[in-house]
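Biologist: Could you walk me through this model step by step? I am new to reading structures, so please take it slowly.

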Amino acid sequence: MTNPKRPKIAALISEYRRYSHGQNIVDRFLGGYGWESRWHHPEMDVVSLYVDQFPESDLSRERVERYPDLTMYPTIAEALTQGGSQLAVDGVLLIAEHGDYPKNEKGQTLYPRYEFFQEMVEVFRSSGKSVPVFCDKHLSYDWDKALEMVETSRELGFPFMAGSSLPVCRRIPSIDLPWKAEVEEIVSVGVGGIDGYDIHSLEAMQCLAERRRGGETGVVSLQAWRGDRIWEALSAGSWEDGGFDPTLFEACLCRSLSLKPADESNRHTYPEPEELPQLVGSPPVAYRFEYADGLRATMILVEGLVQDITVAARLKDQPDPLSLLCYLGGGHDMQPNFFNPLCHHLEHLIANGQPPYPIERTLLTTGLTAAGVESLWQDQKLLDTPHLAINYQVGVESTFRRT
Amino acid sequence: MSAQKRKKLALITTIWGWRNHANHMGERFLNGYPLNGKWHRPEMDIAGVYVAQRPEGDLTQKRADKHGFEIYPTIAEALRLGTDKIGVDAVLLIAEHGEYPNNEKGQKLYPRYEFFEQIVDVFKQDGRAVPVFNDKHLSYSFEKAQRMVAASKELQFPFLAGSSLPVTFRIPPLELPLGCDIEDALMIGVGGSDAMDYHALESMQCMVERRRGGETGVRAVQLIDGDEVWRAGQDGRWSRRLLEGALARSDSRSGIALTDGRPQDLAHSDELEELVENPAAYFIEYNDGFRATLLMLNGAVKDSTFAAKLKGVPEVQSMQFLCPGQPNVVYSACLMNKVEEMIVSGQAPYPVERTLLVSGTLERCLESRLNDHRRLETPELNVSYQAPEASHFCGALE
């Protein structure tokens, strides 16, 4: 039997199969995970599960059999009330990444985060009570839905945390942007495609950028590029000349642990500019955007050239850029243990009702992702983004995995 | 710096092919390497090369054509660059890989000592000795390794050796405080004997050498394998608490973690014994009474982790020696950065005695295995040295 004093959690999952986000997060609550020098068992229990889709590789039914205190419910409302009429859990994990969902004409997968959220808040409203909520990855593919989710959390007054594991994973080197530093330009070089991995890179950048002097001021405009325009922007030599700072790009490649050699028979070489296009597997994508306080940012996805995510920032009056790798592991049949620090923060959220960082970060990165996809959809048009005038402040304390 | 002032290197190697150590290590001096967020190009060039074996797939000529160094038929000529006097400013001795016989202990008889002797002969004949880097252990033979270190002292040239694991990235970036009291230490290693156990032993050594009083040498060793390893754990000969600490740092568990994704507490499940193919425990007893254990756990994990209990510190200290994968294997760039540091400064950043002690410790462990897994007293391993105060691993925080 679960200890009645331990917090109870409901997990709302799109799909529970090996290495889906739902499996990775919920299994860490059920069976523990490596943390510092111990196998850590969270002091709380996932007691109810709602799963939306059951592919052949589903593991949720197996987990319900394995863990007697875990019950599967056919609806979100029943999962939250444990089959009763009132909210009966102390925290909610909303994990709607992976699964077979339709795509829209812009290429976005219509994961039902907003829909799950709406069903959840109906229970909150009818129970007259709310509990802390985590929404995995971005809030929604759609800006209006994301904004409504955040506004609802404010209205009902529940602690709301969202986002990718990139902001909390290990870094190599294990450093943060100095708090209140003056940042002039920031670049990330990452992997994957739009509406999936862009959000990860954007979160990796934003968790650094938001520490700058004056705090977060929001983004005023964004333009997305696809293909050779990115290499032209690199050779332009600077933001002023229509590109981005090539020294930041180089710093990113030099933090990568997976830079592809141009000559397959060679060891580890730094690519010549003319070699770059052939090293990228699919057409590269960039989102180039400007913050309200003048900070300039370019997120670049170059699947194939690298297989990891790096960020570099030029700080005022500093001779060398600050640069780091967001360490996710990779290769060698490695476990996605970047979920460990995410779970660590989730435990704190549920136990103490305090998100480790403001939901506004994820609202902004959700909006940037949607704006990037929109710009590509509108033939790489420069878009004004007055709706992204999002202000927030973070504290001095770092929240990535340092220990 | 003008071309005349750039330092010249000799690369003396057993074999130069794709993904072997000459390719991993030596080519950093041809292509440069990533360092602190920049592509770093050393102010030095490989000028003379000797390669003992050149089977199909040999890259020597291809690299010579691109980078303009000379290939010589002997080690002496490679050091003298075809003249009658030593013409290089440093020597890279990379004798890992290639076709060489094994001895009865299971050691591959790489000709490190034999190459080194020829290098030293040139130093002596020409009246000038230059810094030498010896990749990995000094020799399969402790006696030969001792002679190598003695020659470096006699001729007073900077001598750096060893594995890249002590200088690779650590997650987290843990360094034990210099002069700490270590109560117990445990290393988990993977891979085959006389190749990968060397890396694991040196990884453990670079941590425990920082204990109070400095390194005092090894007085006895024992290597056991098979189910004896698990029984030894039950008998308290190695610490399950430290096993938990080290395994908590692993990102590459096999078994259930792979088949259905569940993170698995291997330190407290029967799965560990099922997964490990042929466990081995290397028990190292030091002259100051300190003891440390290496467990080779092939089949259960694929990474190298370490845990230690310090006196007065309640929490176990632990970390992973991160070895980023092919084709970049950036750990080898971390090591070549230390070699470059020695060549530029004329001082080895950490003592060659570390590598000497670990070379001898491994050899004696393999003798224990050959001698019915008996504990062997090792008075000859009385190698004392003091670890450097500075951390030398990649990504170490200031």
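Biologist: Before that, what kind of model is it?

Modeller: It is a predicted model, and the values we discuss are computed from it.

Biologist: Okay, how is chain A divided?

Modeller: Chain A is split into domain 1, which covers 8–163, and domain 2, which covers 169–331 + 367–388. The C-alpha centres of these two domains of chain A lie 30 Å apart.

Biologist: How many residues of domain 1 of chain A are in contact with domain 2 of chain A?

Modeller: Eleven residues of domain 1 of chain A meet eleven residues of domain 2 of chain A. On the domain 1 side of that contact there are three nonpolar, five polar and three charged residues.

Biologist: And what domains does chain B have?

Modeller: In chain B, domain 1 runs over 3–162 and domain 2 over 168–321, and their centres, taken over C-alpha atoms, are separated by 32 Å. Six residues from domain 1 of chain B and four residues from domain 2 of chain B make up the contact between them. The residues on the domain 1 side of chain B divide into four polar, two charged and no nonpolar.

Biologist: Switching topic, how many residues does each chain give to the contact between A and B?

Modeller: Chain B contributes 45 residues and chain A contributes 47 residues. Among the elements of chain B that give two or more residues to this contact are α1 (21–26), β2 (33–35), β3 (38–40) and α9 (240–247). By class, the chain B side consists of 20 nonpolar, 14 polar and eleven charged residues.

Biologist: Now the helices: at what angle do α5 and α11 of chain A pack?

Modeller: Helix α5 (residues 143–156) of chain A and helix α11 (residues 359–377) of chain A pack at about 170°, and their axes are 9 Å apart.

Biologist: Does that make them roughly parallel or roughly antiparallel?

Modeller: An angle over 145 degrees counts as roughly antiparallel, and therefore α5(A) and α11(A) are roughly antiparallel to each other. The residues in contact include W143(A), L147(A) and V150(A) of α5(A), along with I359(A), L363(A) and A370(A) of α11(A). In that contact of α5(A) with α11(A), seven residues are nonpolar, three are polar and none is charged.

Biologist: What about the largest nonpolar core, how many residues has it?

Modeller: The largest nonpolar core has 255 residues, and those with the most contacts inside it are L12(A), L94(A) and I119(B). The element that gives the most to this core is α11(A), with eight residues.

Biologist: What does I119(B) touch?

Modeller: Leaving out residues up to four places away in sequence, I119(B) touches I12(B), I75(B), L79(B), V91(B), L93(B) and V132(B).

Biologist: Why is α8 of chain A described as largely enclosed?

Modeller: Eight of the ten residues of helix α8 (residues 246–255) of chain A are buried, so this helix is largely enclosed by the rest of the structure. Its buried residues include L248(A), F249(A), E250(A) and R255(A). The cover over the buried residues of α8(A) includes β10 (183–190) and α7 (229–236) of chain A, together with β2 and β3 of chain B.

Biologist: Last one, is A308(B) buried or exposed?

Modeller: A308(B), which sits in strand β14 (residues 304–310) of chain B, counts as buried because it has 29 C-beta neighbours inside 10 Å. A308(B) and E183(B) are 125 residues apart in sequence, while their C-alpha atoms are 7.5 Å apart in space.

Notes:
Residues are numbered from 1 along each chain as its sequence is written. Chains are lettered from A and ligands numbered from 1 in the order in which they are written. This is a predicted model: local features need pLDDT of at least 70, side-chain atom pairs count only at pLDDT 80 or more; totals for chains, interfaces and linings use all residues. Two residues are in contact if their C-beta atoms, placed from the backbone, lie within 7 Å. Helices (H or I, at least four residues) and strands (E, at least two) are DSSP runs, numbered from the N terminus. Ala, Val, Leu, Ile, Met, Phe, Trp, Tyr, Cys and Pro count as nonpolar, Asp, Glu, Lys and Arg as charged, and the others, Gly among them, as polar. Domain bounds come from an automatic or database domain assignment. Axes are lines fitted to C-alpha atoms, for helices over the stretch in contact, and angles run from 0 to 180 degrees between N-to-C directions. Angles under 35 degrees count as roughly parallel, over 145 as roughly antiparallel, 65 to 115 as roughly perpendicular and the rest as oblique. A nonpolar core is a set of buried Ala, Val, Leu, Ile, Met, Phe, Trp, Tyr and Cys residues joined through C-beta atoms within 7 Å. A residue is buried if 20 or more other C-beta atoms lie within 10 Å of its own, exposed if 12 or fewer, and partly exposed in between; C-beta atoms are placed from the backbone.
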